[in-house]
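Trainee: Could you walk me through this structure, with the cut-offs behind each term?
Mentor: Happy to; let's look at it together.

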Amino acid sequence: MDVLAWVALVVSWLQVVLVVKFVFIVLRVLKQTRRLAEMSRDAAIALAHNLSDAEAFAELELLAAQLPRATAGLPDGAAAARPNVSSVSPGLGGRRP
């Protein structure tokens with residue numbers, strides 16, 4: 001009977017150690033979840049702060065409206081843009097491609 005009591009006591013201590021280990025695992029996961037929630041909150045605050053600047057968006061809209069006039073004088077494609085200088089390569093003899 002004495003041996004059975006000692007075995008039960010050792011098994012119960014092992015179970016207590018196992019439960020404590022599981023508690024620490026759960027606490028670590030909860031700590032990581034809280035950290036992730038704080039990072040998400042900080043990112044959302046920064047995003048809201050960046051999007052709340054209506055003056056910057058108005059300036060961007062004005063700049064975007066000027067783009068068609070600014071690009072009107074540019075050639076339509078790479079073929080339309082002829083080089084202004086001849087080749088510096090002696091193999092081409094200074095001819096335009």
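**Salt bridges and exposure**

Mentor: Let's begin with D42, which is partly exposed at a relative accessible area of 42%; buried means under 20%, exposed over 50%, and partly exposed in between, using a 1.4 Å probe and protein chains only. Residues are numbered from 1 along each chain as its sequence is written. The model is predicted, so local features need pLDDT of at least 70 and side-chain atom pairs pLDDT 80 or more, while totals for chains, interfaces and linings use all residues, and side-chain values use heavy atoms, without hydrogens and water.

Trainee: Which residue forms a salt bridge with D42?

Mentor: A salt bridge needs a side-chain nitrogen of Lys or Arg within 4 Å of a carboxyl oxygen of Asp or Glu. Here the closest N and O atoms are 3.3 Å apart. The partner counts as partly exposed at 48% relative accessibility, and its name is R41.

Trainee: How many residues apart are R34 and E38 in helix α1?

Mentor: Their side chains meet in a salt bridge, 3.2 Å from N to O. R34 is exposed at 59% relative accessible area, whereas E38 is partly exposed at 30%. Helices are DSSP runs of H or I with at least four residues, strands are E runs of at least two, and both are numbered from the N terminus. Along α1, about one turn of the helix separates the pair, that is, 4 residues.

Trainee: How many salt bridges does a search of the whole structure find?

Mentor: R34 with E38 is a salt bridge, and so is R41 with D42. The search of the whole structure gives a total of 2.

Trainee: How far apart are the end C-alpha atoms of helix α2?

Mentor: The expected span is 1.5 Å times one less than the number of residues. Helix α2 covers residues 54–70, so its 17 residues should span 24 Å. The model agrees, with the end C-alpha atoms apart by 24 Å.
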